[in-house]
Amino acid sequence: MNNNGMMEKEEIFSKVLRAGRRTYFFDVRSTKAEDYYLTITESKKFTNDDGSFHYKKHKIYIYKEDFTEFKDILAEMTDYIINEKGDEVISERHQKDFKKEYDTDVIVAAEDDGSRVTEAELKTPESFTDISFDDI
């Protein structure tokens with residue numbers, strides 16, 4: 001059962017497209033009147049700091065009366081993107097083998113003389129100031 005208390009309709013025909021962290025589900029379902037419609041579900045995996053994970057899902061419903069116009073607009077939009085930008089993926093982040101590299105020399109402070117201090121430099125013992133608590 002879903003959140004509305006209604007049973008999810010039985011799937012008649014399904015296809016799955018796995019695309020990196022995203023998975024797209026294309027499902028033909030049946031209405032109460034025994035007519036068919038299409039659901040497209042995007043499921044995206046998110047990993048929590050503790051290693052556990054969860055999925056966020058987005059779903060759209062497309063009914064037969066909208067198929068022709070939907071297909072036409074989808075084809076027009078995808079053709080436009082390919083014509084304008086080509087079919088090569090530009091963003092490295094969206095590549096299947098993308099591994100985020102962390103910049104270890106992050107600048108966290110700027111000195112009065114214009115020099116910059118990195119996070120690594122701030123953590124060295126030489127960067128700490130000696131304080132005498134007798135003066136307080």
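Student: To start, how many helices and strands does the protein have?
Tutor: This predicted model contains 2 helices and 6 strands.

Student: And in what order do the elements run from the N terminus?
Tutor: The order is β-β-β-β-α-β-β-α.

Student: What pLDDT does the protein average?
Tutor: The average pLDDT is 77, and 59% of the residues score at least 70.

Student: Which elements have the lowest and the highest mean pLDDT?
Tutor: Strand β5, residues 107-110, has the lowest mean at 51, whereas helix α1, residues 67-85, has the highest at 96.

Student: Let us turn to the strands. How do β2 and β3 pair?
Tutor: Strands β2 and β3 pair in the antiparallel sense, over 9 bridges. Strand β2 covers residues 22-30 and strand β3 covers residues 36-47.

Student: Which residues are bridge partners there?
Tutor: Valine 28 has leucine 38 of β3 as its bridge partner. Likewise, threonine 23 is partnered by serine 43 in β3.

Student: What lies between the two strands of that hairpin?
Tutor: There are 5 residues between β2 and β3. Glutamate 34 is found in this loop. Its phi is positive, about 70 degrees, although glutamate 34 is not a glycine.

Student: Is glutamate 34 buried or exposed?
Tutor: Glutamate 34 is exposed, because its relative accessible area is 63% and the cut-off for exposed is over 50%.

Student: Next, how do β3 and β4 pair?
Tutor: Strand β3 and strand β4, residues 53-63, also pair in the antiparallel sense, with 11 bridges. They form a hairpin with 5 residues between them. In its turn, glycine 51 has a positive phi of about 95 degrees.

Student: What stands opposite leucine 38 in β4?
Tutor: Isoleucine 62 stands opposite leucine 38.

Student: Is isoleucine 62 buried or exposed?
Tutor: Isoleucine 62 counts as buried, because its relative accessibility is 5% and the cut-off for buried is under 20%.

Student: Which residues is isoleucine 62 in contact with, leaving aside its neighbours within four places in sequence?
Tutor: The contacts of isoleucine 62 are Tyr37, Leu38, Ile40, Phe67 and Phe70. Tyrosine 37 is 25 residues away from isoleucine 62 in sequence, and their C-alpha atoms are 6.0 Å apart in space.

Student: Where is the place of threonine 41?
Tutor: Threonine 41 is in strand β3, and it stands opposite lysine 59 in β4.

Student: Is threonine 41 buried or exposed?
Tutor: Threonine 41 is buried, with a relative accessible area of 7%. Leaving aside its neighbours within four places in sequence, threonine 41 is in contact with Thr23, Tyr24, Phe25, Lys57, His58 and Lys59.

Student: What share of the residues of the protein count as buried?
Tutor: Of the 136 residues, 10% count as buried.

Student: And what share of the contacts comes from residues 24 or more positions apart?
Tutor: Such residues account for 12% of the contacts with a separation of 6 or more.

Student: A new topic: what volume does the second largest pocket have?
Tutor: The volume of the second largest pocket is about 270 Å³.

Student: Which residues line the second largest pocket?
Tutor: The lining consists of Thr78, Ile81, Ile82, Lys85, Gly86, Asp87, Glu88, Val89 and Ile90. By class, the lining has 4 nonpolar, 2 polar and 3 charged residues.

How values were computed: Residues numbered from 1 in each chain as written. Predicted model: local features only at pLDDT ≥ 70, side-chain atom pairs only at ≥ 80, totals over all residues. Heavy atoms only, no water. Helix = DSSP H or I, 4+ residues; strand = E, 2+ residues; numbered from the N terminus. Buried < 20%, exposed > 50% of the residue type's maximum accessible area, 1.4 Å probe, protein only. 1 Å grid on protein atoms, 1.4 Å probe; cavity = no way out; pocket = protein on both sides within 12 Å on 5 of 7 lines; lining within 4 Å. Points joined across faces, edges and corners; volume = space filled by probe spheres on them. Nonpolar A, V, L, I, M, F, W, Y, C, P; charged D, E, K, R; others polar. Pairing = 2+ DSSP bridges. Contact = heavy atoms within 4.5 Å. pLDDT = per-residue confidence, 0-100.
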